[in-house]
Amino acid sequence: MKLNIFILCLEGQGEIFRNHKTTSIFTNCCCNLSFLSRRLCVKVLFEMKKKNILKEACWALSNVTAGTKQQVQAVVDFGLIPTVINLLHHTDYKIQREAAWTVCNLVTAGNFSNIEHCVQHGAIEGLRRLLSCTDTDTIVCVLDGYTRILECGERHGTTTYCDKV
C-alpha cells in the first residue's frame, strides 16, 4: 500500500512540474526546499529498484529539466545526472525512454556546462541505444538532444562531441 501512495505522489508532483510555464514558481519552491534532495532521489532511483517508481521519478525529473535554467541547474547540482544517464542502460524500455527525455530536456534547456556534464557522464553513448527503438517520438527526442549537443559543442569550438556521436 505504501508503494502505491509513493507512486501517486510522484505522479502528482510530475503533473505539477509538467506545466512549468504556469507553475514555474512552484517548481522553483520545490527545488529550493530540496524536494529533489539527494537522499530522496537516490532512494527512489537506486534503492527501490521498482520499475514503475523509476519510470515515474524520471518522468517527474524530465518535467523539471524542461523548465528554467535555474531548475535545470538544481538537477545538476543535486548530482542526479549520472544516475539518470545510468538509467538509459536499464533493461526496461519505459525507464530508458523517460531517462532519455530527462537528458534531452536538460541539454535543450541547459547551458554549455550542463551539456558538458551530461557528455562527460556518458549521455551520448546512453542515448545511442534508443535510436534502435520503434517509437518515433523517442527517436526524435534523441536526435533533438544530439542536435543540441553538437550545436553547443560547435559554438564552443570542440569536436569531441562529434567524435562521440
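In H5, the buried residues include Gln 71, Val 72, Ala 74, Val 75 and Val 76, where buried means under 20% relative accessible area, exposed over 50% and partly exposed in between (1.4 Å probe, protein chains only). This is a predicted model, in which local features need pLDDT of at least 70 and side-chain atom pairs count only at pLDDT 80 or more, while totals for chains, interfaces and linings use all residues. Residues are numbered from 1 along each chain as its sequence is written, and side-chain values use heavy atoms, with hydrogens and water left out.

**Overall make-up**

- The protein has 11 helices and 0 strands; helices (H or I, at least four residues) and strands (E, at least two) are DSSP runs, numbered from the N terminus.
- Along the sequence, the pattern reads α-α-α-α-α-α-α-α-α-α-α.
- Of the 165 residues, 47% count as buried.
- Take the contacts (heavy atoms within 4.5 Å) between residues at least 6 apart in sequence: 70% of them join residues at least 24 apart.

**H4 against H5**

- Helix H4 (residues 51-65) and helix H5 (residues 69-77) pack at an angle of about 135 degrees, with their axes 8 Å apart.
- Axes here are lines fitted to C-alpha atoms, for helices over the stretch in contact, and angles run from 0 to 180 degrees between N-to-C directions.
- H4 and H5 are therefore oblique to each other; angles under 35 degrees count as roughly parallel, over 145 as roughly antiparallel, 65 to 115 as roughly perpendicular and the rest as oblique.
- On the H4 side, Leu 61, Val 64 and Thr 65 meet Gln 71, Val 72 and Val 75 of H5.
- By class, this contact of H4 with H5 has 4 nonpolar, 2 polar and no charged residues; Ala, Val, Leu, Ile, Met, Phe, Trp, Tyr, Cys and Pro count as nonpolar, Asp, Glu, Lys and Arg as charged, and the others, Gly among them, as polar.
- Just after H5, Gly 79 takes a positive phi of about 75 degrees.

**H7 against H10**

- The axes of helix H7 (residues 93-109) and helix H10 (residues 136-155) come within 9 Å and cross at roughly 30 degrees.
- H7 and H10 are therefore roughly parallel to each other.
- H7 passes H10 in a left-handed crossing, the term for a near helix turned anticlockwise from the far one by less than a right angle, with right-handed used if it is clockwise.
- From H7, Tyr 93, Arg 97, Ala 100, Trp 101, Cys 104, Val 107 and Thr 108 meet a set of H10 residues: Asp 137, Thr 138, Cys 141, Val 142, Gly 145, Arg 148 and Ile 149.
- The residues of this contact of H7 with H10 divide into 8 nonpolar, 3 polar and 3 charged.

**Buried residues to look at**

- Val 142, in helix H10, is buried at a relative accessible area of 0%.
- Leaving aside neighbours within four places in sequence, Val 142 is in contact with Ala 100, Cys 104, Leu 127, Leu 130 and Leu 131.
- Val 142 and Trp 101 are 41 residues apart in sequence, yet their C-alpha atoms are 7.9 Å apart in space.
- Thr 102 lies in helix H7 and is buried, with a relative accessible area of 0%.
- Not counting residues up to four places away in sequence, Thr 102 touches Cys 58, Leu 61, Ser 62, Thr 65 and Val 84.
- Ser 62 sits in H4 and is buried, with a relative accessible area of 4%.
- With neighbours within four places in sequence left aside, Ser 62 is in contact with Glu 98, Trp 101, Thr 102 and Asn 105.

- Gly 110 is in the loop between H7 and helix H8 (112-120) and is buried, with a relative accessible area of 1%.
- Apart from neighbours within four places in sequence, Gly 110 is in contact with Lys 69, Val 72 and Arg 148.
- The C-alpha atoms of Gly 110 and Thr 68, which are 42 residues apart along the chain, are separated by 8.2 Å.

**Cysteines**

- The structure holds 0 disulfides, a disulfide being a pair of cysteine sulfur atoms within 2.5 Å.
- Cys 133 is in no disulfide, and the nearest cysteine sulfur, that of Cys 141, is 9.6 Å away.
- Cys 133 counts as buried at 17% relative accessibility.
- For Cys 141, the closest cysteine sulfur is in Cys 104, at 3.6 Å, too far for a bond.
- Cys 141 is also buried, with a relative accessible area of 5%.
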